[in-house]
Amino acid sequence: VKPGKGAAFVRTKYRNILTGATREEAFNPNDKFPKAHIETKQMQYLYNDGELYYFMDQETYDQVPLTYELVEDAIKYIRENDVATVKFYKDNAFTVEAPNFVDLEVVETEPGVKGDTATNVTKAATVETGAVIQVPIFINEGERIQIDTRSGEYLGRSKKETELAGNEKRSETGSGSDIEKNRKRFHRSLRIVVSLIVLAALALW
């Protein structure tokens, strides 16, 4: 900001990452500040005791209890034993991040419409962690889907789910092909038998 009189200054609103409190303050454009040291750890989510969420350091095995306010955004996509990113400042955790992409099972949704592959028509689906995601209407309970945790957006069926569906389809195709081969083989054998009978009858006649 450049006032009519006096030196220019920078007005900034910032938030305390530990307390969550926000503050607005004016600074000289030439002011310098020490760089904060942020420690990032990959930690395994263990369990919730009804109040706190416990995460374990995978290197030291130390367990850290965190409040719901800290894990609120991430816990919607994390199951017990899943790994999340926890950031610390001065040994205090201040944020928890789920992996950018997760595969979760749909536990509740309206029945899918068989044969309808439209992706622009959606419905609500609850996944195993409790998060509610908008999914295409052909998705059914029990299917695993891939989610972008940064936006909560449905990306598609999980790769494993797609591979299983492809294997089943190939199996069905293969079965149909085998039936057709056996049918042709039977008719060919039947024609040979009929021809032999006719030849035998002519010989006797």
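This is a predicted model: local features need pLDDT of at least 70, side-chain atom pairs count only at pLDDT 80 or more; totals for chains, interfaces and linings use all residues.
**Entry 1: the β3–β4 hairpin**

I began at the hairpin of β3 and β4, where 4 residues lie between the strands and Gly-50 takes a positive phi near 100 degrees. Next I looked up how the two strands run. Strand β3 covers residues 38-48, and its pairing with β4 is antiparallel, over 5 bridges. Which residue of β4 is the bridge partner of Tyr-45? I found Phe-55 there.

**Entry 2**

I moved on along the chain. Strand β5 spans residues 63-66 and pairs with β4 in the antiparallel sense, over 4 bridges. For Tyr-53, I read off Leu-66 as the bridge partner in β5. So much for the pairing; I kept one general point beside it. Strands of a sheet pair through backbone hydrogen bonds, in a parallel or an antiparallel way.

**Entry 3: is β4 covered or open?**

I then asked how many residues of β4 are buried. I wanted the two faces separately. In a regular strand, side chains alternate between the two faces of the sheet. On one side of β4 I listed Tyr-53, Phe-55 and Asp-57; on the other, Tyr-54 and Met-56. Both faces are covered, and each of these residues is buried.

**Entry 4: aromatic rings**

I turned to the rings. The count comes to 4 aromatic pairs. How are the rings of Tyr-45 and Tyr-53 placed? Their centres are 6.3 Å apart and their planes stand at 35 degrees, so I logged the pair as tilted. Tyr-45 and Tyr-53 are both buried.

Tyr-45 also pairs with Phe-55, again tilted, at 5.2 Å centre to centre and with 40 degrees between the planes. This pair links distant parts of the chain: Tyr-45 belongs to strand β3 and Phe-55 to strand β4, 10 residues apart. I found both Tyr-45 and Phe-55 buried. Which residues form the aromatic cluster? I wrote down Tyr-45, Tyr-53, Phe-55 and Tyr-68 as one cluster.

I also looked for a charge over a ring. The charged end of Lys-41 sits over the ring of Phe-88, 5.1 Å from the ring centre.

**Entry 5: the five-stranded sheet**

I went on to another part of the chain. What is the strand order in the open sheet of 5 strands? I read β10-β9-β8-β11-β12, with antiparallel pairing. The edge strands are β10 and β12 (153-157), and each of them pairs on one side only. The twist from one strand to the next averages 55 degrees.

I then took a closer look at one pairing. Strand β9, residues 122-127, runs antiparallel to β10, and 5 bridges join them. Thr-126 stands opposite Val-132 in β10.

**Entry 6: a loop residue, Phe-138**

Last, I looked up Phe-138. I located Phe-138 in the loop between β10 (132-136) and β11 (144-148).

Conventions. Residues are numbered from 1 along each chain as its sequence is written. Side-chain values use heavy atoms; hydrogens and water are left out. Buried means under 20% relative accessible area, exposed over 50%, partly exposed in between (1.4 Å probe, protein chains only). Two strands pair if DSSP finds at least two bridges between them. Rings of Phe, Tyr and Trp (its six-membered ring) pair if their centres lie within 6.5 Å; planes under 30 degrees apart count as stacked, over 60 as edge-to-face and the rest as tilted. A charge sits over a ring if NZ of Lys or CZ of Arg is within 6 Å of the ring centre and within 35 degrees of the ring normal. Axes are lines fitted to C-alpha atoms, for helices over the stretch in contact, and angles run from 0 to 180 degrees between N-to-C directions.
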